[in-house]
Amino acid sequence: VIRCRAAVAWAAGKPLSVEEVEVAPPKAQEVRVKIVATGICCTDDHVLGGYFPNAEFPVIPGHEGAGIVESIGEGVTSVKPGDKVIPLCLPQCGQCCFCLNPDSNYCMKSHLYESQNLMPDKTSRFTCKGKRIHHFLWISTFAEYTVMPEYAVAKIEAAAPLDKVCLLACGFPTGYGAAINTAKVKPGSTCAVFGLGGVGLSVVMGCKAAGASRIIGVDINKDKFAKAKELGATDCVNPKDFTKPIHEVLMEMTGLGVDYSFEAIGLADTLTAALASCNMNTGVCVMAGELASGSMVSFDPLLLLSGRTWRGTLLGGWKMRDSIPKLVSSYLEKKFNSDLLITHTLPIAEVNKGFELLRAGKSIRSVLLF
């Protein structure tokens, strides 16, 4: 058993508490990882607010981490102690019908299918003050040491800087892949990106990489416009600057609407606005933002009857265990610069400050260091 620091959410709506926790050794087919760095994602904020589906308290959140294998359980063959790894918030068991389908990146071990609040044997590897602490998506990267199934971790190159590539665990691949994999943005096309946070700016980077000729960023926080333009946005608009609905503004800017629109916030209103903003026949709208659990969306079905395509994307369409090591290699080859998304680096003791920056719209990505 290892005793270490972790940020524990004892109840919904309460700040995180940095505690000493006990982390049990890995069982068969499990891996224990020393987390070096972890990003703060809006999904973690959903957990703290009690808006993430089926999450249980107390829990150690965090899912955008990178670290080093400390020990392995019986039967583990893909990683060994000392390997640099990225824990996967979307596992890849390699055996279910989705993993075996080359067109799918889903896995039936995902939290959307069965709970990942406890390990597969329905026990926890975390305790604190004599109480059982739940896992989050099996990986709980807000803990200095954490345990996960082997199929929820991917080995990466030894040269990778863990305080940078941790972003490749969630935010960056979600946005970048939404453009590259899900929408399949074509060269010369027009795009609109609703929400210029970590995921939205990664969408901008993906649209640029795909050769889009016009990329319009949409956000009510004009402080994010300079960063968006640095990463490839050609225009930025603030809905507060107009009296008419933003989809009408985009229609006027582009003539018939954009070829591709992306919602990277997680709000019902912006999701329907993004749908209405794309070309009425061949337009594609991709949902990359995560709405609060239980949200309902109302929309005019004629928006789809005319031919538009409305799609969701889970982690940008990447088969995580196969793709994350390749994305890390691409990062090292400087094919993209996800470092530009990191605006703050904080010690784990200041985890609540990181969430305050996120909620105030003052950060793109804060990275926590142990």
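Predicted model: local features only at pLDDT ≥ 70, side-chain atom pairs only at ≥ 80, totals over all residues.
Let me begin with two helices, H3, which covers residues 171-183, and H4, which covers residues 198-209, whose axes come within 7 Å and cross at roughly 40°. Residues are numbered from 1 along each chain as its sequence is written, and side-chain values use heavy atoms, with hydrogens and water left out.

Helices (H or I, at least four residues) and strands (E, at least two) are DSSP runs, numbered from the N terminus. Axes are lines fitted to C-alpha atoms, for helices over the stretch in contact, and the angles run from 0 to 180 degrees between N-to-C directions. Angles under 35 degrees count as roughly parallel, over 145 as roughly antiparallel, 65 to 115 as roughly perpendicular, and the rest as oblique.

H3 and H4 are therefore oblique to each other, and H3 passes H4 in a right-handed crossing, a crossing being right-handed if the near helix is turned clockwise from the far one by less than a right angle, and left-handed if anticlockwise. The residues in contact, meaning heavy atoms within 4.5 Å, include Phe 172, Tyr 176 and Ile 180 of H3, and Val 199, Val 203 and Met 205 of H4. By class, the residues of this contact between H3 and H4 divide into ten nonpolar, six polar and no charged, where Ala, Val, Leu, Ile, Met, Phe, Trp, Tyr, Cys and Pro count as nonpolar, Asp, Glu, Lys and Arg as charged, and the others, Gly among them, as polar.

Let me step back to the domains, whose bounds come from an automatic or database domain assignment. That assignment gives domain 1 as 2-171 + 317-369 and domain 2 as 183-312. The C-alpha centres of domain 1 and domain 2 lie 28 Å apart, and 14 residues of domain 1 are in contact with 16 residues of domain 2.

Now to the sheets, where two strands pair if DSSP finds at least two bridges between them. In what order do the strands of the open four-stranded sheet come? The order is S1-S2-S6-S7, with antiparallel pairing, and the edge strands, each pairing on one side only, are S1 and S7, the latter at 131-133. From one strand to the next, the twist of this sheet averages 45°.

We can walk across this sheet pair by pair. S1, residues 2-8, is joined by seven bridges to S2, residues 17-23, and these two run antiparallel, with Val 8 standing opposite Ser 17 in S2. S2 then pairs with S6, residues 126-128, over two bridges, again in the antiparallel sense, and here Val 23 stands opposite Phe 126 in S6. Finally, S6 and S7 are antiparallel partners over three bridges, and Phe 126 stands opposite Ile 133 in S7.

There is also a loop to look at, the one between helix H1 (42-49) and strand S4 (65-72), where Pro 58 is found. The peptide bond from Phe 57 to Pro 58 is cis, with omega near -5°. Asn 54 lies in the loop between H1 and S4 as well, and its phi is near 65°, a positive value in a residue other than glycine.

The other open sheet has six strands in the order S12-S11-S10-S13-S14-S15, with parallel pairing. Its edge strands are S12 (235-237) and S15 (309-312), each of which pairs on one side only, and its twist averages 20° from one strand to the next. Within it, S10 (residues 190-194) and S11 (residues 214-218) run parallel and are joined by five bridges, and the bridge partner of Val 193 is Gly 217 in S11. H4, the helix from my opening, packs on this sheet, touching S10, S11 and S13 (260-263), and its direction makes about 170° with that of S10. Helix H6, residues 246-254, packs on the sheet too, touching S10, S11 and S12, with its direction at about 160° to that of S11.

I will finish with H6 and helix H7, residues 268-277, which pack at an angle of about 25° with their axes 8 Å apart. That makes H6 roughly parallel to H7.
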